[in-house]
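Please keep the sequence and the structure in view.

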Amino acid sequence: MLEPVNISFEALNLSTLMPMLIAIGGGLIILLIDLVKENLHKSLYVMLTILILLVDLGATTGLTYGATEKGFFDVLLMDGIAVLSQVLILVASILFIPLSLTSKRFHEYSYPEFFALFLFMIAGFQFMVSSDNLILIFVGLETASLSLYTLIALHNRNNSFEAAVKYFTMGALAAGFFTMGSAVLYGISGSLELGQIATAISERMNDSGVMILVLGGAGLLLAAFAFKLSLFPFHTWAPDVYEGASAPLAGYMSVVPKIAAFVVSMRIFEMFIELQVHWVQTMIIVLAVITMTITNLMALVQEDVKRMLAYSSISHAGFVMVAIALATDKANTGVFLYYALFMFTNLGAFTMLWVSRHKDRVHHSRFDHPYEKFAGMIKIMPMGAIVMALFMLSLAGVPPFSVFWGKIYLMSATVDAGYLWLAVVMGLNSAIAAYYYLKLIVYMFLKEPSSDINQKIVYYNVSKPLLTILGFAVIVTVASIFMVNPLIDYINTMIQATNFGI
Amino acid sequence: MDSILSILIFFPALAGFLGFVVDKHSAKVYGVAVASIELILSLWLWAKFDLSNAGMQFSEKVDLIPQFGISYNVGVDGISLFIVIMAALITLLGIILLRDDTKKMKNMIVSLLFLEMTMVGVFLTLDAIIFYLFWELSLVPMLYIIGAWGGADRVYAAVKFFLYTFAGSLIMLVGLLSMAYLYHTATGNWSFSILDWYTLELTETQQFWIFLAFFSGFAIKVPMFPFHTWLPWAHGQAPTIGSVILAAVLLKMGTYGFVRFSLPILPDASVAFTPFIMTLSIIMIIYTAMVAFAQKDMKQVIAYSSVSHMGVIMLGVFAMNAEGLGGSIFLMLSHGIVSGALFMLVGVIYERTGTKVMSEFGGLASIMPVYATIFGVMLMASVGLPLTIGFVGEFLVLLGFYHVSTIGTILAGTTIIIGSVYMLVLFKRSFFGPVTNEKNRGLKDLDRRELTALIPLVMIVVWLGVYPKPVLGPIDNSVKLLLTQMEKKAISTETKEAIVISKKEAK
């Protein structure tokens, strides 16, 4: 006979569950509305989604957080980075979802399920970042990923199906790695909670054979997250998936899943680094350096802007991965600062692609956004060209645009940690990357437009909501110098309210 | 008006934004008006400048990112004052010289105004990150100017220019970040203010590595041999206005960086690196002078001779005494005026004939006497004829460098003679003798627009050649202060001995 479990209601601390519940409840509301009345316009669902996300944001920022703030049978952990990353995820989602209000009709947005899935995905990410329990992290990760696969496939084209299936298979493989890694850690420590795993490992550190198990577990988990963060050599799926997904989703994928995966990586790998498992640190640095270099070189030869941006996001992820290896407070601050700023620039760049998206491939038999499409854009639509050039310069790390501040903060953290050579490698990689961003600028400003391209073709998909989002992205990208200090302040407070590696 | 420096920096940028609205037929007049106001403001700064104060004046400081020690911090001293005035002057004259039928005139004016902001910003800012910000930002309008109005290979030249400089300065950025880190470990505060860095003591190993990082940024910009390969491309493809600004102002950012950053922050490393820099500079002077001699294209001759003279400036910077350093700063100004004027003159003849190849010309002096006279004056200034602006700087640099190395001085001095040979050959082939090309008979002499742009430069060449004191005085004050700081900061006795502040002390 099982013992009855006695837990007081207060100990459940149900308020920690509120943010996820709001997202899930919101998704259900959208499904209910569809049940009652059909053929409603997508604008209704978009606005509802935004409102639900705003409520969610309010609930998240209102949470009490702390390094040991636990809830719901102690599986949820509302520490600083949990709240911080949820805020970033929600803000990014609020900014990306209005991109579905295009002037042309796209298949996926006519289904309310799209928006419900979108909200479920966000709930998944929220679970993933606010737990130190490997099972819950896994559940969150899979909820989010499965929704994301479906969202990609909804973009009813052959290469979207291909992308979704590719992403799904690769994701399944990563899930396999993750479970095996967790199993190994469970075998060592008899627990799935990171804090207890850390204690157990540090106690058994000198037992014979334990080190091999630790390395096995860490290696398997590293492989799983290398898949999710698209690090070399597990990055090959990313460009195809970005190409197959619609531009807003591709932009979304380059930010939100990455933030979530970085938060979990911080929790897991900085624990190992704290435990003096140097192999993990070396391995991460090697992965980061190879990732940024190889993908930068690959990006140089792309003919399609979206594929180029895909490779560039991988390279940016490699750049940020360095911070995980450093495992200092400053580096962790850098990760969030980088993504908070990168988010707006990438939002803008992908919106520009979305604005110019056609239903049929009018410019190239294989690509939607070949460089030729943007040739001579300064003559056809000067504002568009200047805005796109701003985003490219920002991505290249030209000051004072947003990504530059993230870059120098991370490079500075690298210098502080004593890895001067690594900072130089990061700098040189930014210089290589400048070439492919410049290539687009050269096409837009210095080439003649091909005769059959006019404003109507490039501005095909434009609408007021898209322009609003674009304007927002421009303002943040240009004026970021004034936002860096409050951001660093906020992120720092959150990082201080977090225990790493315990 | 205490915020005159901020006005100087941001006025052109604001005008650039508003310039988008101005009608394209009025754009040039708008540009001239804005650039004139900027020049008047900079002259006013000179008028208000306290000549006896060697330190930073008109300082402003606003914290931007206090968490990370970044603040908007500007100030002007004798070293930067005249470079700023020169930048404003060259921009104005360059805009005046633009032909009225330049295509996309509005884009050109807007780019030039943004470029002016970055140039003035680089020379006035005292915060390393803001310096870096303007430094990198200056690449963007220049990329567009070369790429949109340049010659046949303009895109290649523009991208090469951008990437070369960008790569070098990212390594420099690592150096800047390390400096901030070292400052943080020493004092517990984050600061990117170079005035704070001046007070920081560093070991010789630290100085060595940071010097190398700074060197990679500055040397590419100067451009030092062997990093000069981007420059002939850029000059060869750039439109006249691009070459003028590139040679007159943008290259000075590199030498200015050495003066403002490398010398006072890293005195020991600077002295230790002097033989290395000296060797590179002398190779640069001699090699590019010989290359210039072999060119057939008039613009390339001037481009290479401009690089050659940058070598003389580098020698002066690393002479570590008041004559050499002061002379090299004066030479930066005169190089800006003279090479700017020479590129303008080549542009003038290119607009008329569509060619820059010297063999196409001959006997131009009889067809275009005024043009030939102005060209002659600038040529003489370029080779350093006494009583022209070029002589003062070169003489002081060689005098200063004589204390460091006799052989180096002789080698560099000889090159000035080689320099005069190729310049005179250029002049002889193109301007004297019979008219070889019948097509050239109908060429018109300088018109009013071109004269407006060139006459002020001729006047400055003669004025400062005869009476350089108003400019040399403030420069000398600030240079002596800088050298005193260096000597105080230096840790090894050899460095202290190498730095000579005034002649009395040397004896």
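In which crossing, left-handed or right-handed, does helix 15 of chain A pass helix 17 of chain A? The crossing is left-handed, a term used when the near helix is turned anticlockwise from the far one by less than a right angle. This is a predicted model, in which local features need pLDDT of at least 70 and side-chain atom pairs count only at pLDDT 80 or more, while totals for chains, interfaces and linings use all residues. Residues are numbered from 1 along each chain as its sequence is written, and chains are lettered from A in the order in which they are written.

Helix 15 (residues 329–355) and helix 17 (residues 382–396) of chain A pack at an angle of about 140°, their axes 9 Å apart; axes are lines fitted to C-alpha atoms over the stretch in contact, and angles run from 0 to 180 degrees between N-to-C directions. Residues of helix 15 including A:G348 and A:M352 meet residues of helix 17, among them A:G384 and A:F391, contact requiring C-beta atoms, placed from the backbone, within 7 Å.

Between the chains, 27 residues of chain B are in contact with 28 residues of chain A. Helix 7 (154–187) of chain B is one of the elements supplying at least two residues to this side of chain B, and its 14 residues are the largest share.

Elsewhere in chain B, helix 4 (residues 105–124) has 20 residues and reaches 29 Å from its first C-alpha to its last.

Notes: Helices (H or I, at least four residues) and strands (E, at least two) are DSSP runs, numbered from the N terminus. The expected span of a helix is 1.5 Å times one less than its number of residues. Two residues are in contact if their C-beta atoms, placed from the backbone, lie within 7 Å.
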